[in-house]
Amino acid sequence: MAGSDEVNRNECKTAVPIHTWVLISNFKLAYNMLRRADGTFDRDLAEYLDRRVPPDARAQEGVSSFDHVIDPSVGLEVRIYRAAANNAAGAAAVTLPILDFLTGAPSPDPFPVILFFHGGSFAHSSSSTAIYDNLCRRFVKLSKGVVLSVNYRRAPEHRYPCAYDDGWTALKWAMSQPFLRSGAGAQPRVFLSGDSSGGNIAHHVAVRAADAGIRICGNILLNAMFGGAERTDSERRLDGKYFVTLQDRDWYWKAYLPEDADRDHPACNPFGPNGRRLRGLPFTKSLIIVSGLDLTCDRQLAYAEGLREDGHHVKLVYREKATVGFYLLPNTDHYHEVMEEISDFLRANL
């Protein structure tokens, strides 16, 4: 069980820089205001409290962005990030007018396309939330490529499998666009990535891709959100100590999963008693980032081991003293070293 609020706050303060503690604590305060005991969610207040930034075609700090609707039937849009002109070769390094960019031909020089799914436990945030806008800009600088941040539909208004369906739509759209193809054979060089619920979405979209014979260059999961009916050691040990409680997690799973489902549903527990093993499936390589102070870290480690047992390539980066959200601010060694790992993974699998 979670300890006293005062003790838990003090433990958090000793584990993270003050700016990170303030950022995540403010998110937690807002999240607690938005969830209702009856399972509903105050979406109007959530939209008001969400700190968002507009797209910016002026290439602030070398990266420009714009929003683009890819499925008008559900209002699905992506925010597209690309590098500004800097004398480098290749379409990914040149800022063209938006229409010219969208209708451009494949580049002879290979570049990665990162399809990113934001976190927020399936209920919070968006592709325009400031922390995710910053993270996607960082990914552009790391990769010298293009990032597509998917503004998927959120729970509880849109339950399973809406987020996965939106991710699948975004992947098929990205695969079909000539301007996102590059290198020998004009191939789409797509990576999937996400944090928290976004990491969960990336996994399930990658499974659909493998089933359909669509090649993904790699999965990059940051503190991916998985669960299960039976509590793990880390869930019991870390409940409430570092920003997150089991009560929080249970609420979000109940809000996202089908109404009659428990946490052993395959969406939550992909390798659990009702899940599906992936042996023999052409599943992509994975870079799995795990924070040792995230109460679901045992789930993420078990997920990595499950992939390995099924014969798939996994690079596991376990940061024992990191908390949830450490990758959102560049103020720890955890952040900088993990960004290097991501850069190396992109380069090695392009």
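Let me start with a list of residues: Ala15, Val16, Pro17, Thr20, Lys321, Ala322, Thr323, Phe326, Asn331, Thr332 and His334 line the second largest cavity. By class, that lining splits into 5 nonpolar, 5 polar and 1 charged. The volume of this second largest cavity is about 60 Å³. Please keep in mind that the model is predicted.

Some background on cavities. Empty space between atoms is found by rolling a probe the size of a water molecule over them. How many cavities of 30 Å³ or more does a search of the whole structure find? The count is 3.

Now to the largest cavity, with a volume of about 400 Å³. Its lining has 24 residues, and those nearest the centre are Ile24, Tyr31, Val244, Arg249 and Val324. Three helices each supply at least two residues of that lining: helix 2, which is residues 18–34, helix 5, and helix 9, which is residues 246–256. Which helix gives the most to the lining of the largest cavity? That is helix 2, with 5 residues. The classes in the lining of the largest cavity are 11 nonpolar, 7 polar and 6 charged.

Next, the largest pocket. Its volume is about 440 Å³. There are 20 lining residues, and Ala130, Asp133, Asn134, Leu135 and Arg137 are the closest to the centre of the pocket. Helix 5, residues 130–143, gives the most to this lining, with 8 residues. Counted by class, the lining of the largest pocket has 11 nonpolar, 2 polar and 7 charged residues.

The partner is helix 11, residues 333–348; the axes of helix 5 and helix 11 come within 9 Å and cross at roughly 55 degrees. Helix 5 and helix 11 are therefore oblique to each other. The crossing of helix 5 past helix 11 is right-handed. On the helix 5 side the contact uses Leu135, Arg138, Phe139, Leu142 and Ser143, and on the helix 11 side Tyr335, Met339, Ile342, Ser343 and Leu346. By class, that contact has 7 nonpolar, 2 polar and 1 charged residues. Leu135 has come up already, in the list of residues closest to the centre of the largest pocket.

Is the crossing right-handed or left-handed? Helix 6 passes helix 7 in a right-handed crossing. From helix 6, the contact takes Ala163, Tyr164, Asp165, Gly167, Trp168 and Leu171. From helix 7, the contact takes Asn200, Ile201, His204, Val205, Arg208, Ala209 and Ala212. In the contact of helix 6 with helix 7, 8 residues are nonpolar, 3 polar and 2 charged.

Last, the backbone. As a rule, most peptide bonds are trans, and most residues other than glycine have a negative phi. Here are some exceptions in this model.

Ala155 and Pro156 are joined by a cis peptide bond, with omega near 0 degrees. Pro156 sits in the loop between strand 4, residues 146–150, and helix 6. The peptide bond between Tyr160 and Pro161 is cis too, with omega about 5 degrees. Where is Pro161? It is in the loop between strand 4 and helix 6.

The phi exception is Ala186. This residue is not a glycine, and yet its phi is positive, about 50 degrees. Ala186 lies in the loop between strand 5, residues 181–182, and strand 6, residues 187–188.

To find these places on the structure, start with helix 5. Helix 5 supplies at least two residues to the lining of the largest cavity, gives the most to the lining of the largest pocket, and crosses helix 11. Then go to the loop between strand 4 and helix 6 for Pro156 and Pro161. That is the end of my part.

Key. Residues are numbered from 1 along each chain as its sequence is written. This is a predicted model: local features need pLDDT of at least 70, side-chain atom pairs count only at pLDDT 80 or more; totals for chains, interfaces and linings use all residues. Side-chain values use heavy atoms; hydrogens and water are left out. On a 1 Å grid over the protein atoms alone, a cavity is a set of points where a 1.4 Å probe fits but cannot get out, and a pocket is an open set with protein on both sides within 12 Å along at least five of seven lines; lining residues have an atom within 4 Å of a point. Grid points are joined across faces, edges and corners, and a volume is the space filled by probe spheres set on the points. Helices (H or I, at least four residues) and strands (E, at least two) are DSSP runs, numbered from the N terminus. Ala, Val, Leu, Ile, Met, Phe, Trp, Tyr, Cys and Pro count as nonpolar, Asp, Glu, Lys and Arg as charged, and the others, Gly among them, as polar. A crossing is left-handed if the near helix is turned anticlockwise from the far one by less than a right angle, and right-handed if clockwise. Contact means heavy atoms within 4.5 Å. Axes are lines fitted to C-alpha atoms, for helices over the stretch in contact, and angles run from 0 to 180 degrees between N-to-C directions. Angles under 35 degrees count as roughly parallel, over 145 as roughly antiparallel, 65 to 115 as roughly perpendicular and the rest as oblique.
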